[in-house]
Amino acid sequence: MNAHMPPASETFDCRVAFAETLIALARADARVVAVCNDSVGSSNLTAFQKEFPDRVVNVGIAEQNMVGVAAGLANGGFVPFVCCASPFLTGRALEQVKADIAYNGYHVVLCGMSPGMSYGELGPTHHSIEDLSWLRAITDLAVVVPADPAQTEAAVRWAHAAGKPSFLRIGRFKVPSVSGGQGEAFAFGKANRLREGRDVTLVATGTMVSRALEAAEDLAARGIEARVLNIATIVPLDEAEIIAAARETGGIVTIEEGVVSGGLGAAVAEVVVRTHPVPMRLLGVPGFAPTGSTAFLLDHFGLNRAGIAAAASELKG
Amino acid sequence: MTLDLTQPPLPSEIAAASRDERARRLKETANAVRRSIVRMIDAARAGHIGGDLSVTDILTTLYFGVLKLDPANPLAADRDRFILSKGHCAAALYSVLALRGFIDPALLDSFMKPLSVLNGHPNRRKVAGVEANTGPLGHGLPIAVGSAIASRLCGGGWRTFVVLGDGEMQEGSNWEAAMAAGHRGLDTLCAIVDRNRLQQGARTEDTNRLDPLPEKWAAFGWEAVEIDGHDHAALYDLFTRPRTGRPLAVIANTLKGKGVSFIEDRVEWHHKVPSADQVALALEELAR
């Protein structure tokens, strides 16, 4: 019995849910501040700034200082949400993320906006396909990738209450709702099993979740019943659900809008090889992208309904 | 027992003392800190002795005369913040924290030993009184800027002091932070540059020139003051003067290895470990 939602036609920019939730939290908690790098617009903070002009700390185009300032604000009792395009937050300020936030254990919420290939034609300098790989290697940092607005809101609320450092990957590329009617939209550290299946498991995160659900439809038409997992918490990974997928479906396809080395696919593979080895296919971005829109590039790299279904069919063949 | 000063002064005593008496007691305390540093590095057979000795008078003046802190409540919300950006000089910080009552002096003997809480760079999650885990250079000033913004935002009123190495000023992140603090007029913030003119491999001016350093800070919107970084009374006066509307940059001219004749101003003593004879000689010089 499949409880999944049919792919919806309406799509959403998760930055909207992010900003609305942040404002709601700020109204209730004077400790909430936004820290950004000249990114009020691109982080969708305009309404926040209008309501809380003193609680936006815009340090200008200076990402290393931005993350250090967030650590200092946390030291001073605030709960900073650092809002910055993911390539620059995680690339430019990686040592600050490691040392100032994770190693210090400061309760700072690092919000990587517009990740993956959101910036399409702007090219690989502005793509953030390495962020999950880099951040997975940092101890004491939760890494969360919401797949739709409902998960985004729930993840932001979790991060606010977490009392420890976290990274939230907040999508710009519009996605349909995938968590409606599925009970709790986001439980930290828990995968959402969106579709039952015994033949193969599609393990997806972020923008790829709705596409995995679409691929499962096509696979069902071919007689392959695919389980679909939405992994919103990359660190810590829901190992029990991965092990169950390996044992019960015998094959796993991972799908992520990022490099495979070190990302979701690698995280799942690490669990599978030491618990219940099964064949896997790891789908992701193979390298620096050519020029193209986000939608074009996702199709170009086979990160779509047809590409995911083909990989799963091949695995079962 | 690494400490041999049984009755370090209380900040209230330093504040009430005459200028000469204040200088005398701070100097006596600083020398005890220096002896502790030498013993810790001798026991660990590792450490950064040159920078520890150059920053000692600054740390002693801050902790015994300036910072509003309560060792019994090290995380009090409105405490003054001190961040040692040059985290490799942890032995100096640990010695001061022990003398000031934040940590058990017996701990100092474990410096850098396996599983000791006293790592070669400080860790706030393990050592009371440490505000930030530092070590990679160019991190302390941005954190201090965040602390000063927090002080203003919540009306806490606390002051934030951060000590940077001069070589560290070659890190770009410091100039990002200096620009932000100047722009915001964060006058509860004081950055002190331990200007000993030596970095690990050579003199700063032969490596990547820093001068004119005060002018650079001033150009970023700070009030920049040059001072003798070993003059306790002058440091005290500067640190306790009224706010001016601008952040304060103190270029503290120091000698790397200050107090030990054969270490002073020698580049090879960045993290060299003294022999037994040299330890004895150093302790003798520091007892005077």
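Buried area is the accessible area, taken with a 1.4 Å probe, that two parts lose on being put together, summed over both. Between chain A and chain B, the buried area is about 2100 Å², with 50% from carbon and sulfur atoms.

A friendly note on the ground rules comes next. This is a predicted model, in which local features need pLDDT of at least 70 and side-chain atom pairs count only at pLDDT 80 or more, while totals for chains, interfaces and linings use all residues. Residues are numbered from 1 along each chain as its sequence is written, chains are lettered from A and ligands numbered from 1 in the order in which they are written, and side-chain values use heavy atoms, with hydrogens and water left out.

**Where chain A meets chain B**

- Contact means heavy atoms within 4.5 Å, and 27 residues of chain A are in contact with 26 residues of chain B.
- One salt bridge is counted between the two chains; the term stands for a side-chain nitrogen of Lys or Arg within 4 Å of a carboxyl oxygen of Asp or Glu.
- That pairing brings together the side chains of A:D140 and B:R125, at 3.2 Å from N to O.
- There are also 17 residue pairs in polar contact between chain A and chain B, both residues being at pLDDT 80 or more.
- A polar contact is a pair of N or O atoms within 3.5 Å; within protein, one must be able to donate a hydrogen and the other to accept it, and residues adjacent in sequence count only if both atoms are side-chain atoms.
- On the side of chain A that touches chain B, β3 (56–58), α3 (63–75) and α5 (94–103) of chain A each supply at least two residues.
- α3(A) gives the most to that side, with nine residues.
- Helices (H or I, at least four residues) and strands (E, at least two) are DSSP runs, numbered from the N terminus.
- By residue class, the side of chain A that touches chain B holds twelve nonpolar, ten polar and five charged residues.
- In this scheme Ala, Val, Leu, Ile, Met, Phe, Trp, Tyr, Cys and Pro count as nonpolar, Asp, Glu, Lys and Arg as charged, and the others, Gly among them, as polar.

**The two domains of chain A**

- Chain A is divided into domain 1 (11–176) and domain 2 (192–316), with bounds that come from an automatic or database domain assignment.
- The C-alpha centres of domain 1 and domain 2 of chain A lie 26 Å apart.
- Their contact takes 26 residues from domain 1 of chain A and 34 residues from domain 2 of chain A.
- A:M117, A:R136 and A:F173 supply 31% of the area that domain 1 of chain A buries against domain 2 of chain A, more than any other three residues.
- A:R136 also forms a salt bridge with A:E270, the closest N and O atoms being 2.7 Å apart, and the count between the two domains is one salt bridge.
- Polar contacts between domain 1 and domain 2 of chain A come to 15 residue pairs, both residues at pLDDT 80 or more.
- The side of domain 1 of chain A that touches domain 2 of chain A divides into 16 nonpolar, six polar and four charged residues.

**Salt bridges over the whole structure**

- Over all chains, the structure holds 34 salt bridges.
- One of them pairs A:R193 with A:E241, whose closest N and O atoms are 2.6 Å apart.
- This pair links distant parts of the chain, with A:R193 in strand β9 (residues 192–195) and A:E241 in helix α9 (residues 239–249) of chain A, 48 residues apart.

**Backbone points to check by eye**

- Most residues other than glycine have a negative phi, and most peptide bonds are trans.
- A:V235 and A:P236 are joined by a cis peptide bond, with omega about -5 degrees; A:P236 is found in the loop between β12 (233–235) and α9 of chain A.
- The peptide bond from B:D211 to B:P212 is cis, with omega near 0 degrees, and B:P212 is found in the loop between α7 (204–207) and α8 (213–219) of chain B.
- A:N44 has a positive phi, near 65 degrees, and is found in the loop between β2 (32–36) and α2 (46–51) of chain A.
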